[in-house]
Amino acid sequence: MTCENSSCQCGCSSNAFAELAPVMEKYANTPGSLIPILQKVQDIYGYISIDAINYISEKIGVKPAKIYGVATFYSQFRLKPIGKYLIMLCKGTACHVNGADKIEEAINEELNIRDGETTEDGLFTLNNMACLGCCSLAPVMMIRSGSEDETYGNLTKDSTKKVLNEIRNREA
Amino acid sequence: MKVVVGQGSCGVASGARKTAAEFERLISEKGLNIEVAKTGCVGNCYLEPIVDVYDDKGALTRYVKVQPDRVSDIVEKHLIGGEPAEGHAIMETDKMFIDKQERIVLRNCGLINPEDIEEYIAAGGYEATKKAVTSMTPEEVIEEIKVSGLRGRGGAGFPTWFKWNAARQAPGTEKYMVCNADEGDPGAFMDRSILEGDPHSLIEGMIIGGYAIGASEGLIYVRAEYPLAIHRLEIAMEQAREKGFLGNNIFESGYNFDIRIKAGAGAFVCGEETALIASLEGERGMPRLKPPFPAQKGFWQKPTNINNVETFANIPWIIAHGGAAFGAYGTPQSKGTKVFALAGKIKKGGLVEVPMGLPLKEVIYGIGDGIKDDKEFKAVQMGGPSGGCIPASLADTPVDYENITKTGAIVGFGGMIVMDETTCMVDMARYFLDFTRKESCGKCNYCRVGTKRMLEILERITLGEGKDGDIELLEELASKIKDGSMCGLGQTAPNPVLTTIKYFRNEYEDHIYKKKCTAHSCKELLTFTITDKCTGCTLCSRKCPVNAISGELKKLHEIDQRLCIKCGKCEEVCRFDAIIRD
């Protein structure tokens with residue numbers, strides 16, 4: 001695994017980010033495109049690795065530290081891989097008032113993960129969100145797998161556990 | 001005949017796609033020739049999924065809570081039988097929810113198919129654009145907006161015409177019209193509903209605004225968390241381009257304008273104009289000092305005007321009907337209507353558009369039908385993390401910019417979160433400080449460190465470790481954070497704490513001095529006890545995770561307070577209401 005470009009220290013193979021080539025081509029000459037590039041990287045790989053940051057840096061001539069700064073500023077970006085199912089638990093005001101903390105408790109009890117953590121089997125990651133915008137269905141969570149989103153509303157501790165168990169049984 | 005299934009995010013989350021699929025399946029199985037169309041958010045979120053059936057004369061029957069298992073009944077009775085299916089239709093009392101509103105911004109939401117420009121045009125769409133670019137000068141457009149009295153609907157309530165005029169007057173040929181669709185306020189969802197339900201009204205508002213300030217490019221900064229909104233915007237923009245409403249020489253007027261979407265990446269501070277511009281340029285979204293204002297130096301240092309989605313959605317209506325017609329709604333200082341997102345402990349939650357100046361209680365009781373489970377109305381939170389809690393005693397307050405600001409809250413985005421007797425106000429303050437602490441960009445010391453310190457104090461109060469002097473310390477920190485922060489986020493972050501101290505000081509004192517949570521909500525301050533209603537069924541003692549409950553079968557049980565972890569499991573499982581929390 002060596003880079004063709006000798007200035008690159010990342011240790012990646014030159015083809016490691018082949019899927020990104022068209023993205024880079026599209027955005028390379030448009031200034032201010034760092035955020036859309038990072039969004040594409042996350043779409044493709046599920047997260048933004050340090051290798052990816054180095055790769056982008058090399059392609060668009062922005063220092064890795066700056067890319068890291070942008071990637072860590074916004075809540076959308078993740079620097080670690082996530083589980084197959086991403087649980088986005090709404091912690092918006094309406095959900096808070098209607099007991100989102102209880103739902104978080106249920107997820108903790110069932111999966112033994114806290115905000116930002118992934119289960120050992122790599123099946124679930126929990127991310128608390130500021131607001132999913134379905135306030136009338138509070139408390140709400142959205143579970144994303146691949147490009148599929150499923151929203152669950154009017155949750156109780158029991159119904160939350162049931163949803164998680166159904167997914168786990170399906171995957172077993 | 002036509003079947004229309006409401007498919008905004010709330011509808012989809014309630015299962016509207018499955019409902020629509022079931023209609024399609026049964027209609028094709030029965031060999032019927034009936035179209036199944038989609039529309040955006042109807043507004044009665046608490047009744048989703050909502051299905052509208054139009055008969056051949058155009059008469060509407062609205063069905064509510066239509067889960068897939070109810071579809072076959074509607075197909076049999078109504079689509080085949082020709083008579084409305086009883087038992088599924090909307091109740092008269094629920095119709096009031098919409099009938100009591102005045103819909104300008106939401107004029108098309110829930111009525112047209114947001115993915116079909118023809119339906120928008122049939123509802124009078126793009127007439128205002130045509131009128132503005134072919135028969136009005138940019139100055140006349142600005143004058144019309146001035147007459148309307150429209151103020152920014154994104155939070156600050158700044159007069160829209162004034163901003164437009166400043167951008168118009170700014171020297172330079174390259175200018176930008178930006179739409180802030182980064183609805184970051186937890187508990188507000190009106191922008192999402194407009195984007196999903198009537199995207200063309202926003203596009204049209206931007207074209208007219210762009211014409212007024214002399215911009216040829218528009219940018220929509222939209223939350224990445226709203227994929228459906230982005231999808232529908234993309235469709236709408238493409239259709240508008242095909243029709244020649246976007247692009248070169250719009251309506252043969254010689255005016256050129258096009259729009260790009262930029263997906264935000266999740267940062268509340270980007271609601272601040274200069275932070276939003278930094279984010280558009282691919283930087284960390286940190287605000288900078290003003291002046292220069294964006295109207296002078298904004299996106300790439302060019303004159304830039306930023307308005308929010310709801311503001312833009314008003315524009316076509318104002319141009320089509322005249323500023324005076326808009327100004328006829330509302331109060332002298334706060335003209336027009338405002339959309340509110342009614343949620344929390346409310347019976348009928350959803351999107352509500354009412355003239356400014358309506359008393360708060362009219363919104364909560366008249367439209368929202370009061371408090372869930374008939375509990376006692378305690379307060380309403382307005383303005384999200386920048387706003388405050390208005391107590392029930394001020395329920396007569398007219399909802400307009402001036403009167404709401406007097407209470408210590410703000411109109412803001414228009415989020416209205418209703419709270420009942422079980423909501424702890426100290427915990428609410430803690431919740432919002434936790435939010436602003438996380439969202440502070442870190443540029444100003446007082447905002448970065450001060451919110452953290454305030455959060456720590458609030459946390460210890462809710463844990464029963466509050467100290468004498470904590471309330472005063474919170475007040476002192478609050479005033480320093482307000483003075484020492486550069487942007488709106490820091491300047492308003494203490495508001496939720498200040499308003500709860502102002503109106504609910506007794507709750508703070510109960511927590512600190514009596515070690516009691518008035519609302520019986522803060523876990524660490526609870527005591528669970530078993531009353532003589534206990535039948536000795538042993539269920540609670542079997543369910544207790546720490547074996548803190550003892551007692552023999554058919555005899556009164558007891559909780560060992562030293563062992564109890566206050567999880568509330570016993571209260572949850574008890575079938576005899578024998579457990580009280582205090």
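This note comments on selected features of a predicted model.

1. Domains of chain A. The domain assignment divides chain A into domain 1, residues 18–73, and domain 2, residues 85–171. The centres of these two domains, taken over C-alpha atoms, are separated by 29 Å.

2. Helix packing in chain B. Helix α6 (residues 127–135) and helix α13 (residues 309–321) of chain B have axes that come within 8 Å and cross at roughly 65°. Because angles of 65 to 115 degrees count as roughly perpendicular, α6(B) is described as roughly perpendicular to α13(B). The crossing of α6(B) past α13(B) is left-handed. On the α6(B) side, the contact is made by Ala128(B), Lys131(B) and Ala132(B), and on the α13(B) side by Pro316(B), Ile319(B) and Ala320(B). Of the residues in this contact, 5 are nonpolar, none is polar and 1 is charged.

3. Cis peptide bonds. Most peptide bonds are trans. In chain A, the bond from Ala138(A) to Pro139(A) is cis, with omega near -5°; Pro139(A) sits in the loop between β2 (124–129) and β3 (141–145). In chain B, Pro291(B) and Pro292(B) are joined by a cis peptide bond with omega of about 0°, and Pro292(B) belongs to the loop between α12 (273–280) and β8 (304–308).

4. Positive phi values. Most residues other than glycine have a negative phi. Asp369(B) has a positive phi, near 65°, and is placed in the loop between α15 (360–367) and β11 (377–382) of chain B. Its relative accessibility is 34%, so Asp369(B) counts as partly exposed. Asn547(B) also has a positive phi, near 50°, and lies in the loop between α22 (539–543) and β15 (549–550) of chain B. With a relative accessible area of 62%, Asn547(B) is exposed.

How values were computed. Residues are numbered from 1 along each chain as its sequence is written. Chains are lettered from A and ligands numbered from 1 in the order in which they are written. This is a predicted model: local features need pLDDT of at least 70, side-chain atom pairs count only at pLDDT 80 or more; totals for chains, interfaces and linings use all residues. Side-chain values use heavy atoms; hydrogens and water are left out. Axes are lines fitted to C-alpha atoms, for helices over the stretch in contact, and angles run from 0 to 180 degrees between N-to-C directions. Helices (H or I, at least four residues) and strands (E, at least two) are DSSP runs, numbered from the N terminus. Angles under 35 degrees count as roughly parallel, over 145 as roughly antiparallel, 65 to 115 as roughly perpendicular and the rest as oblique. A crossing is left-handed if the near helix is turned anticlockwise from the far one by less than a right angle, and right-handed if clockwise. Contact means heavy atoms within 4.5 Å. Ala, Val, Leu, Ile, Met, Phe, Trp, Tyr, Cys and Pro count as nonpolar, Asp, Glu, Lys and Arg as charged, and the others, Gly among them, as polar. Domain bounds come from an automatic or database domain assignment. Buried means under 20% relative accessible area, exposed over 50%, partly exposed in between (1.4 Å probe, protein chains only).
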